[in-house]
Amino acid sequence: MAVSESKAATPADLVTYARGRLLFRVIVDKAMGWVLLLAFVAVLFPLADMIYWISAKALPTFSVGTLTLDQVGTGGGLHSMIIGTFIILALSTTIAVGIGVLSGIYTAEFAPRRVAAAARVAGYLLAGVPAIVLGYFGFYLLVIYTGWDYNTLAGGITLGIFMVPFIYRATDLAFTNVPRDQREGALAMGASRFQYLRRVALPIAMPTMLSGIFLAMALGLGETAPLVLTVGWSNTIPQTLLQPTGYLTGAIWNFYDFPSTYGHFQTLAFQAAFLLIVIVIVLNVLIQFIAERYRRKLRGLLG
Amino acid sequence: MDEPGPPAGGFIGPAQTLSPPEKVKERLSWRMLLGSPVALLPMILLAGVVGVLLYASSLHNFGWSLWSTDWNWIPPGPGSSYGIGYFAIGSLITAVLAMLLATVLSLAMAISIVVYLPTAPSRILTVFTDLLAGIPSVVFGIWGFVVLAPYFGEHLEPSLRDALYWLPGFDGPAYAIGGGTGILLAVFVLTIMIIPITTAIMRESLRAVPHSAVEAGLALGATRWEVVRRVRLPMARAGIFGALFLGFGRAIGESVAVSMLIGATPQIPPSIYGGSYTIAAYILDQQDSAFAYPLLLQVLVEFALILLLISIAVNVVGNRLTGGSRERSPRE
């Protein structure tokens, strides 16, 4: 007891204390590194489980016929739905690329600062509009109001609007991020702004823009809600754009809750899910590949 | 006497040495880009969506009953009542729970990727979480319905109920568990679906913390974890809360997977295992009947409008907090 009266702690005490604390702090630091990794397990295990089960349910009966036969009764294949998906995706990509790329370039290059800021806000608000609300907008305007009934064109337009913000933002970002010296170099050499855009900026911006377009396509391909509300459903290939059509996500949506003993329906749904996952993975790999090339290219440009 | 002076536009004016066809092309393209309000197209589309729904809406026809839990929907016509109450409750419960779970998990993943992991593993894990973002919601839905629901109904939920009966919401009647569909399953799948977005935003906000602050902490002898706790997290607070809002917005707008998994029952859920319904899922399920019943069409317009206003509000706050999305990749 007498010791504590003289002084709080000797330097030696402090060192002992600090060593003890340090050990504790280092252990906490290391432990956190491992504990945090558990989150990846919690997230990637379900992903793996999903991919396993969908392959397990789809692959045993997967054959060439799955891709080349139309759905008949409770059997057949996904042919008309694959075609339908491509028709819808072609329509929506055309619309979305047209709008997104033009307005993205305008925002990045030409728009006065305030207009650009407002357009960007509108861009991410549009990206935040729930797909189901967009779908209902398409349903009300293009299905009911026009009296067209369910049709492929309405689906293409609605899905196009859904895809616009992703392409728009990618384009804006790509052109805004062109290195400043490239731009000033080009303009100082007497290039017009258009020449600068085409010859200098476009090649640099292309990869980012392209990955934005592929991303939008992957997301559009996987959307269900806007299409359920606008395209309707059919198990034959549409003769005109004003007829309903089948599509891959719709196959899952329409067939998922049939009992597995009831014909081939649930298997068709799983095969569609499997196809979708494969396409999404391919598109993702493509995006990664493009991003990698872009990184190299920029590194080259910046010396 | 007419000496050609410097171009009127200063340094960035058009070059003086264009050939005539090039001049025409130049003119046309400038016109094309400048003359039309293309930058406004996202705005016009947004305004169009809001405008059409407002035009179609007739809130005054419904009065207060729309905001209640009055629910007597068959047959749609006089005497039936459409309260959004049960759906709003279901939407709120699922979205809030999914958001909270996703926050914990994505914060852990974001800290791992930014602070702890070496470059190669963190890049690979980023690729995987990005892949998760691309998986269609209907695929999550069928996996949840066919694979998870029986497991939840037979094993997970009964044992959770036995173990956690003292937690409010985890008890409830046995019938609520049913075949496994219900709030818990919907929340589980929703969480996985919003994790890629929240992780990406948190990752970027943790990364955006100035190096000088981080290095000052490390130089003073703080461990990595202490720097995360005392420097990175406080400085990235706005971005992390922004991610919360954006994740919530995504969760409340999700219709397909939720409709497949939540059990589609408009009620006050008896427990976390019980069936419920959300605004988005109801729109998706009922739009087909809206053809036959004009009144239902009206109700769904109001539902869509309410959902739209909620998600715009949430996104405005979220984007304000994350500082917009200009620096981020377009993936989010």
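In the predicted model, chain A is divided into two parts, domain 1 (2-56) and domain 2 (62-301). The C-alpha centres of domain 1 and domain 2 of chain A lie 44 Å apart.

Chain A also meets chain B. On the chain A side, 94 residues are in contact with the partner. Chain B contributes 97 residues to these contacts. The area buried between chain A and chain B is about 8,500 Å². Carbon and sulfur atoms give 76% of that area.

Between chain A and chain B, 3 salt bridges are found. One salt bridge joins the side chains of Asp29(A) and Arg224(B), with an N to O distance of 3.2 Å. Polar contacts across the interface of chain A and chain B comprise 9 residue pairs, with both residues at pLDDT 80 or more.

Helix H2 of chain A spans residues 11-58. Helix H2 gives the most to the side of chain A that touches chain B, with 21 residues. By residue class, that side of chain A divides into 66 nonpolar, 15 polar and 13 charged residues.

Terms used:
Residues are numbered from 1 along each chain as its sequence is written. Chains are lettered from A and ligands numbered from 1 in the order in which they are written. This is a predicted model: local features need pLDDT of at least 70, side-chain atom pairs count only at pLDDT 80 or more; totals for chains, interfaces and linings use all residues. Side-chain values use heavy atoms; hydrogens and water are left out. Contact means heavy atoms within 4.5 Å. Buried area is the accessible area (1.4 Å probe) that two parts lose on being put together, summed over both. A salt bridge is a side-chain nitrogen of Lys or Arg within 4 Å of a carboxyl oxygen of Asp or Glu. A polar contact is a pair of N or O atoms within 3.5 Å; within protein, one must be able to donate a hydrogen and the other to accept it, and residues adjacent in sequence count only if both atoms are side-chain atoms. Helices (H or I, at least four residues) and strands (E, at least two) are DSSP runs, numbered from the N terminus. Ala, Val, Leu, Ile, Met, Phe, Trp, Tyr, Cys and Pro count as nonpolar, Asp, Glu, Lys and Arg as charged, and the others, Gly among them, as polar. Domain bounds come from an automatic or database domain assignment.
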